Amino acid sequence: MLIREAPLAHFIDHYFGYGSWDAKMWFVGYEEGGGDLPEEVAEKLDYFYDNHRSANEATLCDIRSVYRHVTFRSDGPKAGAYANRYDYRFGDQAIQHGVWKNLIAFVHGYQQESLPDLLDYQKQGFALGGNKREALIHLYPLPSPHNHAWYYSWLDMPAFPFLKSRAQYERHVFEHRFKSILDQVVNYRPDVVLMYGMSNIASLKESVQKTFPEVQFKMVKAVKLHIPQHHRADLNGSTLIITTQIPALRHNRIETGFNWQAFGNAVRKPAQIV
């Protein structure tokens, strides 16, 4: 399956992630994992083009519907266990997502609710548009591996010269996408917008202040193994949190992690801010 220009252009301009803008909790990650297999990328682009071709604004998809259209590809021991990404994340034998489980914990901490069975919640309710609880939003549209390798330079498409390097691509799409996300914050007023795994804190804060000139950021220090360092601002009633931390253990080492349920609770009832 080949990546085609029209679906690619439409995806870059209008795809923003999964869930509903009406959700009370928005999780903004750097990008979705993947991108190393052109077939998987093409399936996502084509799904969005086929189902949201009329979209001319920032659009969120039904993650379960998208994943049903993306073949599960693996050379590992589970190569034949799943037909598609839906089976892998939401089916009867689904595997728990290392990041999503902590985002689920954050939501329940913020709502001051007891933790559910995390895998069951992932399968049944996480980022479900109709629940209006969580939205999974991507700062950058194209799937890419978490090691920041860049596989789009092989595309022979003169209409997309900015895809020749990650740096060019990010410069090309950043301003439009981040402004679109902030516009949706103004329109929908979520309770919390948590931006995690962000490496460009200074430019994000500067861009926020272009839209919200009166906003002042406050930095909250980390509490080891409990709450990550983060920057906090009020956007007309929506709490914006920006952190470099990813809601997952690095190299599966417990000393690199935080208690994301406690983090959610602290955001609702903020600790001392310095």
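Predicted model: local features only at pLDDT ≥ 70, side-chain atom pairs only at ≥ 80, totals over all residues.
Reader: Which residue of β5 is the bridge partner of V28?
Author: Strand β2 also runs parallel to β5 (residues 192–195), with four bridges between them. For V28, the bridge partner in β5 is M195.

Reader: How many of the residues in β2 are buried?
Author: Buried means under 20% relative accessible area, with a 1.4 Å probe and protein chains only. In a regular strand, side chains alternate between the two faces of the sheet. Here M25, F27 and G29 are covered on one side, and W26 and V28 on the other. The number of buried residues in β2 is therefore, with that under-20% cut-off, five of five.

Reader: Which strands are the edges of the open sheet?
Author: The order of its eight strands is β3-β1-β4-β2-β5-β8-β7-β6, with mixed pairing; two strands pair if DSSP finds at least two bridges between them. From one strand to the next, the twist averages 25°. The strands that pair on one side only are β3 (59–61) and β6 (218–220).

Reader: Which residue in β8 stands opposite L235?
Author: Strands β7 (residues 230–235) and β8 (residues 238–242) run antiparallel, joined by five bridges. Within β8, the residue opposite L235 is S238.

Reader: How is α1 oriented relative to α2?
Author: The axes, lines fitted to C-alpha atoms over the stretch in contact, with angles from 0 to 180 degrees between N-to-C directions, come within 9 Å for α1 (residues 5–14) and α2 (residues 38–51) and cross at roughly 80°. Because 65 to 115 degrees counts as such, α1 is to α2 roughly perpendicular.

Reader: What residue types make up the contact of α1 with α2?
Author: Contact means heavy atoms within 4.5 Å. Helix α1 contributes A6, P7, L8, H10, F11 and H14, and α2 contributes K44, L45, D46, F48 and Y49. Ala, Val, Leu, Ile, Met, Phe, Trp, Tyr, Cys and Pro count as nonpolar, Asp, Glu, Lys and Arg as charged, and the others, Gly among them, as polar. The division is seven nonpolar, two polar and two charged.

Definitions and conventions:
Residues numbered from 1 in each chain as written. Heavy atoms only, no water. Buried < 20%, exposed > 50% of the residue type's maximum accessible area, 1.4 Å probe, protein only. Helix = DSSP H or I, 4+ residues; strand = E, 2+ residues; numbered from the N terminus. Parallel < 35°, antiparallel > 145°, perpendicular 65-115°, else oblique.
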